[in-house]
Amino acid sequence: MKNTENIDWGNLPFGYFKTDYNVRCYYRDGKWGKPEATSSEYISVHMAATALHYGQEAFEGLKAYRGKDGKVRLFRWQENARRLQNSAKGIMMAEVPAALFEEAIFKVVELNAKYIPPYGTGATLYLRPLLFGSGPQVGVKPAEEYLFMVFVTPVGPYFKEGFKPVAVEVVRDYDRAAPKGTGHIKVGGNYAAGMRPAERAHKDGFASVLFLDAKEKKYIDEAGPANFFGIKNNTYVTPQSTSILPSITNMSLEQIARDIGLSVERRPVPLEELETFEEAGACGTAAIISPIGKIYDRILDKTISYGDKPGPVSIKLYETLRGIQEGTVEDTHQWTTVVNGI
Ligand code: PLP
Ligand code: COI
């Protein structure tokens, strides 16, 4: 049990930080057991587990926010529960019932309450639920046993720049996901497929990549581990694609955009349209909103710039979203749930 007094909350990276407990639950003999807390960071898993061979694995990401009023809030956790069920369906895993998801996430936050970063530090407690085939198979077929677990880690912003414009790179020579593949669910294989171009981009000084649609390479898909949006003519524009993850943050920003009087367009976004945006950004739980300052196309050796300061619409969206999460802006859509008793 660590002492949390010496944690430098304001300078936490987006990374793993050991906390006290995680919560686990097995699916065996056709039913889910009870979620149990453990302090071990390790899992003992069968060497023929389907997760290890055939990629039967999916995960989620959500955060607990310490509000200005001292309360701790989870943001739209029901959407994460639903998306994990979609991911499970997509790769033939046992689905985690919403009630079990709820019990596990609330329990893990309560047990690790001392790791929830204080309000005003910019840091939050990141929850990482994961589900995988733990039962053995050698033929390519679904496991009969699954492990669902949730761990937490206090984190700073995903992009070290925080709410400052980042440079991203268009990728044409790799695909993250196929149009009828698994891009719309949150399975580990998508992230493995994106690692090679992402590492190249990091090495070359870019915060992230911008994937294009795999079939034609004509449209914007998403910005690494975040969705893409552009702003122009008082309109919030975000890609429609079968190969991007339906981001809960993006869905929320679309609603906030409407609430503050913008039009919203979710439609294919051609690559050439990038030059017409007044502002651009990447959004996600980990990324929050990361304004995009520059987009570089290595094949054309061309750069599009949006300036080195966040634009006014991005600022408004960011402040409203953070405000709702931290309890300083009225939660008119009932997106947050207070974690009682901590
Ligand atoms: N796109 C990808 C590929 C992601 O991994 C994530 C993160 O979960 C997102 C987008 C953003 O989704 P959300 O806002 O639900 O966190
Ligand atoms: C999230 O935003 O929660 C994510 O899952 C992104 C992650 C891949 C770092």
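User: Buried means under 20% relative accessible area, exposed means over 50%, and partly exposed is in between, with a 1.4 Å probe and protein chains only. What does Arg267 count as?

Analyst: This is a predicted model, in which local features need pLDDT of at least 70, side-chain atom pairs count only at pLDDT 80 or more, and totals for chains, interfaces and linings use all residues. Residues are numbered from 1 along each chain as its sequence is written, chains are lettered from A and ligands numbered from 1 in the order in which they are written, and side-chain values use heavy atoms, leaving out hydrogens and water. Arg267 has a relative accessibility of 24%, so Arg267 counts as partly exposed.

User: With which residue does the side chain of Arg267 meet in a salt bridge?

Analyst: A salt bridge here is a side-chain nitrogen of Lys or Arg within 4 Å of a carboxyl oxygen of Asp or Glu. Arg267 meets a partner at 2.7 Å, N to O.

User: Which residues are linked with Arg267 and Glu273 in a network of salt bridges?

Analyst: Side chains of opposite charge can pair when their charged atoms come close. Besides Arg267 and Glu273, the network takes in Lys232 and Glu265.

User: How many residues apart in sequence are the parts tied together by Glu254 and Arg266?

Analyst: Glu254 and Arg266 form a salt bridge, with their closest N and O atoms 2.6 Å apart. Glu254 lies in helix α5 and Arg266 in strand β13 (residues 263-267), so the pair ties together parts whose separation in sequence is 12 residues.

User: How many salt bridges does a search of the whole structure find?

Analyst: One of them joins Glu216 and Lys218, with the closest N and O atoms 3.3 Å apart. Glu216 counts as partly exposed at 42%, and Lys218 counts as partly exposed at 42%. For the whole structure, the number of salt bridges is 19.

User: What volume does the largest cavity have?

Analyst: A cavity is a set of points, on a 1 Å grid over the protein atoms alone, where a 1.4 Å probe fits but cannot get out; lining residues have an atom within 4 Å of a point. Points are joined across faces, edges and corners, and a volume is the space filled by probe spheres set on them. The search finds three cavities of 30 Å³ or more. In the largest, the space is about 100 Å³.

User: Which element gives the largest share of the lining of the largest cavity?

Analyst: Helices (H or I, at least four residues) and strands (E, at least two) are DSSP runs, numbered from the N terminus. The lining residues include Leu62, Tyr65, Asn80 and Ile248. β5 (62-66) and α5 (248-259) are the elements that give two or more residues. The largest share, three residues, comes from β5.

User: In which helix is Asn80?

Analyst: Asn80 is buried, with a relative accessible area of 2%. Leaving aside neighbours within four places in sequence, its contacts (heavy atoms within 4.5 Å) include Phe75, Phe101 and Ile248. Asn80 is in the helix of residues 77-90, which is α2.

User: What is the volume of the second largest cavity?

Analyst: Among the residues that line this cavity are Tyr174, Asp175 and Arg176. The volume of the second largest cavity is about 60 Å³.

Key:
On a 1 Å grid over the protein atoms alone, a cavity is a set of points where a 1.4 Å probe fits but cannot get out, and a pocket is an open set with protein on both sides within 12 Å along at least five of seven lines; lining residues have an atom within 4 Å of a point.
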